[in-house]
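Visitor: I am new to this structure and would like a short tour. Could you set out the terms as we go?

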Amino acid sequence: MHSTIKVMIVILQSDGGVKSAVLNAVTLALLDAGIEMNDIMISCQVGMVNSNVYFDLTKNEENLSNARLTVSLLVNRNKISFMEFESSKVSKQDFEHLLRAGNKGCLTIYSQLLETIRKSFIRRLLCSR
């Protein structure tokens, strides 16, 4: 049996990093609703401003950056499911640095997301008694 879930997102305010925030919000909503999934997708945006790597860039940081990478990772398979790279000009070494940072960021967000789900589950369990 196949099912389709339609997700609608309304962005009330944006200060950068919208794509990764939306992807993570959808993942969290599906997990919180108890929807069974084959894997969990986590997204992270990283950018490079003057050779410094920043996570979850603000709009101002996006405008100043010479490279931005949004990467989504299927955590259980450790595979990239989505990647978008925007750059004025960046070396292969800098791209690889951003990619490693993006993967690390995804794993950090994943651990925080799991903790949020655990707390929500415990709260529901205690409230149902």
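Guide: Two strands pair if DSSP finds at least two bridges between them. Helices (H or I, at least four residues) and strands (E, at least two) are DSSP runs, numbered from the N terminus.

Visitor: How many bridges join β1 to β2?

Guide: There are 4 bridges between β1 and β2, and the two run antiparallel. In this pairing V49 stands opposite N52 in β2.

Visitor: What should I know about the source?

Guide: This is a predicted model, in which local features need pLDDT of at least 70 and side-chain atom pairs count only at pLDDT 80 or more, while totals for chains, interfaces and linings use all residues. Residues are numbered from 1 along each chain as its sequence is written, and side-chain values use heavy atoms, with hydrogens and water left out.

Visitor: In what order do the strands of the sheet come?

Guide: The open sheet has 4 strands in the order β2-β1-β3-β4, with antiparallel pairing. β2 (52-55) and β4 (79-87) are at the edges with a single partner strand each, so one side of each has no neighbour in the sheet. From one strand to the next, the twist averages 20 degrees.

Visitor: Which strands does α1 touch?

Guide: α1 packs on the sheet and touches β1, β3 and β4. Its direction makes about 165 degrees with that of β1 (axes are lines fitted to C-alpha atoms, for helices over the stretch in contact, and angles run from 0 to 180 degrees between N-to-C directions). α3 also packs on the sheet, touching β1, β2, β3 and β4, at about 140 degrees to β1.

Visitor: Back to α1. Which of its residues are buried?

Guide: They are S20, N24, T27 and L30, where buried means under 20% relative accessible area, exposed over 50% and partly exposed in between (1.4 Å probe, protein chains only). Seen down the axis of α1, these residues fall within an arc of 125 degrees, so they line one face of the helix; the arc is that of the directions from the helix axis to the C-beta atoms.

Visitor: What do they pack against?

Guide: The buried residues of α1 pack against β1 (41-49), β3 (67-74) and α3 (92-127). Contact means heavy atoms within 4.5 Å.

Visitor: And I42, what is it in contact with?

Guide: Leaving aside neighbours within four places in sequence, the contacts of I42 include N24, T27, V71, C106 and Y110.
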